[in-house]
Amino acid sequence: MPKYYLAADGGGSKLQAMLYNEDLRVVRADRVAGVNTLYKPVDTVRTNVEGMMANLLKDLDGELAAADLCLMGAKDVMTDILNRFGLCDNIYFHSEPVIGLAASFQREGVVALSGTGSDAFFIKNGVWKTAVGGWGPLLGDEGSGYDIGLNALKAAIYSYDGRKEKSMLYDLVMEKWHLDDLWDIVLHLAGNPDARHEVASAAALCSKAAHAGDKAALRIYERAALDMSLLARTVIRQHRDEWDGTVTIMGGAWKGHPSMFNIFKQEIELLYPEATVSKPLFEPVVGCAVLRCLREGMTVEEMREPMINGFMQFQYP
């Protein structure tokens, strides 16, 4: 009977999952909305996850042998669903920075995470030792997708009321939310249970504006880069004696504009010339598969080529 494995990575913006076989090839993949139950009702998360799992496991012609998961806030929901699908054992949960490093076949270093939220971590021998940041949208998340989106909305407001120069973000915001007046965005967000996601979604507008050369949008990415570099440099300073020079980014906010990564890299290397600052090879969900293979005795050399060929759709852009 063929064996299949589940890998899933879920946070505030999305849950991305894949079913793959013993040859390290993707059999099925799916993606649904974010699953962080701190910001979304549990019933909504459960419905989304159940639908995804039904698609992934429908008419499976073999055994679901193991599941390796990274979930922000939906651990109990996923465990319950997998148990109902017959996988009562061999469910493994991993942290975001650990799978982020594993997605580049690495087990230690500094991880700068900029997704819906933001943090920086120090990982040693596959174990998360230190985190800086991660205080959420009210108290922190500097340099995150939420922060970029919030600053994009502010840039639209400043353009509207004349506090700063005109920005195309005003027109993009008006178009995205079909507004007759920019003040209507206040009514749209006030009391909205999904306001965090709505604000973070404005990061896509900032990306569009930045690629068009909008000065306000480009400044937002510069600020995000500096905020992320401060998080990473703080972690490096705390672990300078045991840090091997590795700095890896993870999270969707980095994809908004190349200037964010470039400025971040320059800032890190300015203070720490020995640093190797890089993008991951794969999306984090592949890190879950890497950790499963390591747990079962495969070496990086054995898995590298099959994964590059079999998980091509998840290569980091």
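Contact, as the term is used here, means heavy atoms within 4.5 Å. The structure is a predicted model, in which local features need pLDDT of at least 70, side-chain atom pairs count only at pLDDT 80 or more, and totals for chains, interfaces and linings use all residues. Residues are numbered from 1 along each chain as its sequence is written, and side-chain values use heavy atoms, with hydrogens and water left out.

The pLDDT, which is the predictor's confidence in each residue on a scale from 0 to 100, averages 89 over the protein, and 95% of the residues score at least 70. Helices (H or I, at least four residues) and strands (E, at least two) are DSSP runs, numbered from the N terminus. Confidence is lowest in helix α1 (residues 42–57), where the mean is 77, and highest in α9, at 98. Where pLDDT is low, the predicted coordinates should not be read in detail.

Histidine 211 is part of helix α9. Apart from residues up to four places away in sequence, histidine 211 touches Gly256, His257 and Pro258. Histidine 211 and histidine 257 lie 46 residues apart along the chain, and their C-alpha atoms are separated by 6.9 Å. A residue is called buried at under 20% relative accessible area, exposed at over 50%, and partly exposed in between (1.4 Å probe, protein chains only). Histidine 211 counts as exposed because its relative accessibility is 53%. Proline 273, in the loop between α11 (258–271) and β10 (276–278), is likewise classed as exposed because its relative accessibility is 66%. A distance of 9.0 Å separates the C-alpha atoms of proline 273 and glycine 245, which are 28 residues apart along the chain.

Strand β9 (residues 246–250) contains threonine 248, and threonine 246 is also placed in β9. Threonine 248 counts as buried because its relative accessibility is 0%. Threonine 246 is buried as well, with a relative accessible area of 12%. When neighbours within four places in sequence are left aside, the contacts of threonine 248 include Gly100, Ser104, Val111, Ala112, Ser278 and Pro280. Under the corresponding exclusion, threonine 246 is in contact with Leu101, Gln106, Glu108, Gly109, Val110 and Thr276. Leu101, Gln106 and Val110 are also among the residues in contact with threonine 248. The side chains of threonine 248 and glutamine 106 are joined by a polar contact of 3.2 Å. A polar contact is a pair of N or O atoms within 3.5 Å; within protein, one must be able to donate a hydrogen and the other to accept it, and residues adjacent in sequence count only if both atoms are side-chain atoms.

Helix packing was examined next. Two packed helices are described by the angle between their axes and the distance between the axes. Axes are lines fitted to C-alpha atoms, for helices over the stretch in contact, and angles run from 0 to 180 degrees between N-to-C directions. The axes of α5 and α10 come within 10 Å and cross at roughly 150°. The crossing of α5 with α10 is right-handed; a crossing has this hand if the near helix is turned clockwise from the far one by less than a right angle, and is left-handed if anticlockwise. From α5, Asp147, Ile148, Asn151, Ala152 and Ala155 meet Ala216, Ile220, Tyr221, Arg223, Ala224 and Asp227 of α10. This contact has seven nonpolar, one polar and three charged residues. In this grouping, Ala, Val, Leu, Ile, Met, Phe, Trp, Tyr, Cys and Pro count as nonpolar, Asp, Glu, Lys and Arg as charged, and the others, Gly among them, as polar.

For helix α12 (residues 284–295) and helix α13 (residues 300–310), the axes come within 10 Å and cross at roughly 145°. This crossing is right-handed. Val286, Ala289, Val290, Cys293 and Leu294 in α12 meet Val300, Met303 and Met307 in α13. The contact comprises eight nonpolar residues, with no polar and no charged ones.

In helix α6 (residues 169–176), Leu169, Leu172, Val173 and Met174 are buried. The cover over the buried residues of α6 includes α5 (145–161), α9 (203–211) and α10 (215–238).

Leucine 24, in the loop between β2 (14–21) and β3 (26–33), has a phi near 60°. Aspartate 141, in the loop between α4 (136–139) and α5, has a positive phi of about 60° although it is not a glycine. Leucine 24 is buried, with a relative accessible area of 3%, and aspartate 141 is buried with a relative accessible area of 3%.
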